[in-house]
There are 4 protein chains.
Amino acid sequence: MRRTGRKQAPGRTGKRRGRFEVRTDLALESREDVRSGGRDNGIAVREWKEEGGRISLTEVQVKSEKGARAIGKPMGTYLTLETGRPGDQDDGYREDVADELAAGLRRLAGKALKKKDAQGFPGVHVLAVGLGNPYVTPDSLGPRVLGNIRITRSIAEDGDLPVISGIVPGVMAQTGMETAEILRGIIRETKPDLVIAVDALAARSIRRLGTTIQLTDTGIHPGSGVGNHRHGLTEETLGIPVLAVGVPTVVGAAAIAQDTVAAVAAVLEKGGRTRGMGAWLENMGAEEQYRLIREVLGPELSQLYVTPPDIDETVKLLSFTISEGIHRAFYGI
Amino acid sequence: MRRTGRKQAPGRTGKRRGRFEVRTDLALESREDVRSGGRDNGIAVREWKEEGGRISLTEVQVKSEKGARAIGKPMGTYLTLETGRPGDQDDGYREDVADELAAGLRRLAGKALKKKDAQGFPGVHVLAVGLGNPYVTPDSLGPRVLGNIRITRSIAEDGDLPVISGIVPGVMAQTGMETAEILRGIIRETKPDLVIAVDALAARSIRRLGTTIQLTDTGIHPGSGVGNHRHGLTEETLGIPVLAVGVPTVVGAAAIAQDTVAAVAAVLEKGGRTRGMGAWLENMGAEEQYRLIREVLGPELSQLYVTPPDIDETVKLLSFTISEGIHRAFYGI
Amino acid sequence: MRRTGRKQAPGRTGKRRGRFEVRTDLALESREDVRSGGRDNGIAVREWKEEGGRISLTEVQVKSEKGARAIGKPMGTYLTLETGRPGDQDDGYREDVADELAAGLRRLAGKALKKKDAQGFPGVHVLAVGLGNPYVTPDSLGPRVLGNIRITRSIAEDGDLPVISGIVPGVMAQTGMETAEILRGIIRETKPDLVIAVDALAARSIRRLGTTIQLTDTGIHPGSGVGNHRHGLTEETLGIPVLAVGVPTVVGAAAIAQDTVAAVAAVLEKGGRTRGMGAWLENMGAEEQYRLIREVLGPELSQLYVTPPDIDETVKLLSFTISEGIHRAFYGI
Amino acid sequence: MRRTGRKQAPGRTGKRRGRFEVRTDLALESREDVRSGGRDNGIAVREWKEEGGRISLTEVQVKSEKGARAIGKPMGTYLTLETGRPGDQDDGYREDVADELAAGLRRLAGKALKKKDAQGFPGVHVLAVGLGNPYVTPDSLGPRVLGNIRITRSIAEDGDLPVISGIVPGVMAQTGMETAEILRGIIRETKPDLVIAVDALAARSIRRLGTTIQLTDTGIHPGSGVGNHRHGLTEETLGIPVLAVGVPTVVGAAAIAQDTVAAVAAVLEKGGRTRGMGAWLENMGAEEQYRLIREVLGPELSQLYVTPPDIDETVKLLSFTISEGIHRAFYGI
């Protein structure tokens, strides 16, 4: 769970030049920038509502390397469900969210396995992986979901339904092993067809905490997750398709600092006699911004995160919704 | 565990006028201000080192109401141990910390009970209270310490040693009751002589996380702790003396925002052509500062906290050190 | 959780003379004996089925002191639900069980509070108590149920519904206090109208483990529960009515020994040439039987229990069913 | 964790003919029988005391297939430490036990790795495995030990010390995978030199619960452990040497029944007029005995176990002693 402390490289090129980038695991949070870059950048965005407007869905398709560079995320499909806060949802709302998640899982699993989801994936073996640290509340989403999943690989008798196996690999401080090492070994022995990895994510914006579910067929990427996986978990590294389901439970403390700089800039800009100061601050170089935030947060800034105090209840409720979505997607119930 | 969301009142009088105050539970973090206010303010500060300089101790005595107003903490004694980070301590270091904590506990317990600690408190009944939420990692220090404490009230046979009873009262979202209500009831029934309450604290500075232990004879005060106790736990509310042992495990997210404003101010001040801007920013009114931070963090700003990802390991190690300190103080082992 | 080791007194009078009695917390398991004692013994038994025969209900009413002596349980109502094993139930089955439990709770609560349950108990304050040790799987039913209960006392705004507060008092080895002391104190401070205590029970028969829910208005009695509460929790000791919901999760190891003696007796009886031996064994005096079982199990025989290895799953499923039953009884949902 | 329910085959040949065998994971509990079989059976037994007689050590070496058949355990070394009950030990006692365990681990590791332990195993990679179900108290020893082990594989910098990696593979009901599958995969990826598997065991005798530590170089065998691993974990199945550390935390309920039969037999034998009955009962055929016990315990008899109620404290204390022993063996501290 110990983050790698890897300094996030400042000073990237392109539109965001001059901005120290705080990590987000959500494709959605990169979208705005991308759009303003034009239509022909290899990124397709589709938005719609379900369940009487209570769930907003956004599908971002990154179709080219150019799009991947622009958005800072690998090529593939990113489906995002935006909902109210779990603590404010009633049971019916939660079931609707599980249904939408199930539909998304079936669609992406069908694509990954080159099957029509109408067939229901008979005989397919899904390995469910609960990433994160069960002992750190906001990082415990993956282990908690696994605790709810009905595991059938050892008891299923016929091939009418998929079978699910599951593992909570732990984090490197607990195992001394990369999650990728553990999973590669298990996959070689048990030969699943598909990995579904569940993970707690870091978002850029506090209002996303607990309210956004991201589903992607691109797997888990280096540096993502609350616990900062050093290596990625992708079809490339594991040998089979990897769907990832994630929900932001933390925001990097650096994001708070950066947002404060922006807010100060806006204040200065509005204050008449300081015209130009805000813009100057806003455009302060990435190196300088990084230095400023480092001064506030100390050398371990990338290891500090912000989380709300009701995160235990949020993670508990989300773990039921996500396991329910997986059950509905693969067991049809 | 749900914080009360109570907006921390801006605009206090005195030296800190014009500054939106971010909460700290550490008397030590109020000290600097106080000192500059002069010697005759009813606050006595004593500093020394122990164990070859590895442990810094500071005792702040708030001796008058004037001092209490100046420091923003009630009258009483605040003993602070500053150490290295728990994960970097070896076993011997941890034992030294437990010894220093035990010495402090014996001293304050002796004062509270009006006994000489040399007598070892035979027959005294101590009620150990583990405040906080066991399911939220940085708030689980109290419950974890209680899990390690040797409880003797039901098995002790003679009166040579104190007896310890213990309770983990839970947080209001779990019980629907004020901790003070639960404790008052238990105290009335079981008649302990002294409460030792263990709690996770909020600090102002990130470098204090896990490295500072505060021991005080003033009890627990409204709004303190990671979980923001609404009512206080003091001799006044509980009827018997209350020693409180706390370690900061979180920093309010608002502190990050505020520190960033200060850092930006410093940058602007240094930048020649902006002379005066930094000072202006620094002195921006409390209301305005609160509005700015609220814009960054949203309306629930006081509920967001910053914590490091290795907090589970830190809390685990500290829970052994603190329970060990309590054992040594009262069982002499 | 440490059982009191109190030797269960052998040699009672009456029909069961000469039999060392192994404890059961289920009134149902005393019934057979009682019936053979005749109709006018102050015990009324009513049996029926619900939900298409999937749930068997039995209500034992102990109406006189004579009946109480006969059955070895205090006067009051004992409602028992017999179901299939939790792991074999589908979701619909579990909801039916929750519904039946809710109906029973409403009925007994109405009687205890002298209200018509049709009124829905507006403004009533229920204190839910999770007895047992969260760290010992078969004893963790009470704490787990409490983890699922929606606590409203601190947030409810009007008086249309009852409010629920809740406490997990822990076991004496953890607190050094009697559960009755803790509850009496809390009740005095917070003034609830009714206690609902949830506890794991000891049964006499293995087939009852996880399949029988007992609801009674007689409270919790000395020596009952997996963890053997030393004092009772009753209207007499707590001052307000106490409903108790319990499920057997263990069988005392002594029951196994005793059943084996009976089975051996039957074998000997059937074997022609040993006629009389079985009867002799069956009727062996209580003292001798106790000595024999003590020889097999050692001096701590009353502290040893038998439990199935899937008890964690059983307790988890039951904790959802029971909390659901409580929600439906009091929140009407 | 769900036991395989496999009926333990009655009716073996040899001295124990006619006896339904209740499983024990302790070589020590097979010894008596073996000894009476003579000296030349390929089994060497050595007994001694350490630490002023507080720790009894027994080393059983099974040197031939004939010995293995006689004892019902594979060829190899079985070192057993017998101590007082963990709850009755003081800190010094526990440290002595850890020291003896460390000495045994070093000796068996040296043999397995064909190294002199004086060299301290520099550069050796040990994979520590915590078998069992963390959610079932008596089966949680392995996972708890792993929670205490200092994992160094990902952080060690030079080759002066061994490195330890660790995994808690879960039980089949949670993963749908054989533990052997998971471990084989991980071993293939991370190439450790040695496995140390920690597991909770089933004993034949109640007095062994928590008081006996068995260390063996023969690995984990099919059907052993509280959770009944279906496949073995041995050098044969995993490809590298496997040391197993185990402590009995349960006794099969069938053992209670069987012991009761024996006790009844003894009673009958002593009772003058029934001479011959006891012997007849004692020698009752295995099939009949199995039928009798099955009648008492029901068809799932092999899944029921007996455990004491203070098992949580016992497992907690043992988990510290065993992790300490592993640290001292490999890190020399």
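This report looks at one helix pair and a few salt bridges in a predicted model.

## Ground rules

Local features here need pLDDT of at least 70 and side-chain atom pairs pLDDT 80 or more, while totals for chains, interfaces and linings use all residues. Residues count from 1 along each chain as its sequence is written, chains are lettered from A and ligands numbered from 1 in the order written, and side-chain values use heavy atoms, leaving out hydrogens and water.

## Salt bridges

Search the whole structure and you get 64 salt bridges over all chains (a side-chain nitrogen of Lys or Arg within 4 Å of a carboxyl oxygen of Asp or Glu).

One of them pairs B:Glu29 with B:Arg208 at 3.4 Å, N to O. These partners sit 179 residues apart, B:Glu29 in helix H1 of chain B and B:Arg208 in the loop between strands S6 and S7 (helices are DSSP runs of H or I, at least four residues, and strands are E runs of at least two, numbered from the N terminus). B:Arg208 is buried at 7% relative accessibility (buried is under 20% relative accessible area, exposed over 50%, partly exposed in between, with a 1.4 Å probe and protein chains only).

Another runs between chains: C:Arg153 meets B:Glu181 at 3.0 Å, N to O. C:Arg153 is partly exposed at 25%, whereas B:Glu181 is buried at 13%.

## Inside helix H11

B:Glu324 and B:Arg328 also form a salt bridge, with their closest N and O atoms 3.5 Å apart. They're 4 residues apart in helix H11 of chain B, so about one helical turn separates them. B:Glu324 is partly exposed at 27%; B:Arg328 is buried at 15%.
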